[in-house]
Amino acid sequence: MEQFLELNCLLVKVMMIEENKEKEISIAFIGDIVGRPGRKIIKANLERVVQKHKIDFVIANGENASHGFGLTVKNANELFNCGIDIITGGNHSWDKKKDMITLLESKPVLRPDNYPEGVPGSGVKIVEIGNVQLAVINLMGLYTMPQVLNPFNHILEIVEKLEKDNIKHIFIDFHAEVTAEKRILMQLLKGRVSAICGTHTHVGTDDQEITDGTYYVTDIGMTGCRDNVIGMESDIPIKKALTGLGGHFNVPNNCKSIMQIAIIKIDEDGKSNDGFKIKIYDDKEEVISHCIVN
Ligand SMILES: [Fe+2]
């Protein structure tokens with residue numbers, strides 16, 4: 001009888017471990033996709049990366065995916081067909097306004113949640129990945145950005161509600177210009193969310209960390225042309241810098257490109273326990289950088 005009970009206990013333990021394993025997820029995040037070169041390098045590489053690293057869910061910022069400004073329905077569908085599961089946005093979300101409204105109504109496409117009330121769409125989506133509920137949140141910073149609600153007060157309200165609903169897996173794309181705003185968000189939410197990835201500057205930062213189970217990087221960096229000015233042809237930005245005269249920024253047709261993707265492992269309690277970033281170049285070896293776990 002004693003042996004039978006011991007065996008039963010062991011069986012329950014094994015079942016619990018297996019159940020917890022089912023609640024571990026691996027998510028990937030791709031930074032600002034800029035124009036056709038960005039879409040092209042994703043098409044060439046994403047499926048392979050997903051298979052190799054056993055990724056369950058792919059999030060990408062797509063506010064620059066169509067000619068560098070906004071997102072069309074056609075290009076969004078192209079990205080979904082490559083394996084992206086949800087697309088976030090930012091200050092350029094409305095550059096293709098008609099298409100964006102269609103996407104917000106019909107597809108897993110987000111815009112920053114702290115736009116004022118009355119703006120179409122949402123910046124929060126809860127998705128099911130097996131037994132896990134993952135909240136994907138898109139938020140925008142203040143400095144040099146359009147008029148939005150205070151992102152810090154706003155996110156605290158969202159996270160409190162998610163905690164009440166027992167949703168532990170929480171990912172935030174914080175679209176902001178200023179590094180300090182991004183660090184503030186990390187310090188404000190560490191231990192309470194699974195991951196915070198910064199976007200918008202298009203320049204990746206070398207500061208991945210996991211602190212109290214929260215994965216963080218100030219900016220993941222763009223996916224697109226890398227031999228110019230943040231994915232755009234250099235001539236107009238240079239002219240603007242020299243003369244103060246503006247012009248329309250163009251995405252080059254031919255360029256050297258880069259894809260930047262973060263891969264984050266999240267345990268059954270919504271805590272990240274591993275994270276790394278892959279830089280894929282169209283003409284060089286891949287570079288993988290790992291994060292520090294505090
Ligand atoms: Fe942006």
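Trainee: Before we look at the sheet, what makes two strands pair?
Mentor: Two strands pair if DSSP finds at least two bridges between them. Strands (E, at least two residues) and helices (H or I, at least four) are DSSP runs, numbered from the N terminus. Mind that this is a predicted model: local features need pLDDT of at least 70, side-chain atom pairs count only at pLDDT 80 or more, and totals for chains, interfaces and linings use all residues. Residues are numbered from 1 along each chain as its sequence is written.

Trainee: How many bridges join strand 6 to strand 7?
Mentor: There are 5, between residues 169-175 and residues 195-199, and the two strands run parallel. Phe 171 has Ala 195 of strand 7 as its bridge partner.

Trainee: Switching to helices: which residues make the contact of helix 5 with helix 6?
Mentor: Phe 152, Ile 155 and Val 159 from helix 5, with Ile 184, Leu 185, Leu 188 and Leu 189 from helix 6. Being in contact takes C-beta atoms, placed from the backbone, within 7 Å.

Trainee: Is the crossing of those two left-handed or right-handed?
Mentor: The crossing of helix 5 and helix 6 is right-handed, that is, the near helix is turned clockwise from the far one by less than a right angle.

Methods
Two residues are in contact if their C-beta atoms, placed from the backbone, lie within 7 Å.
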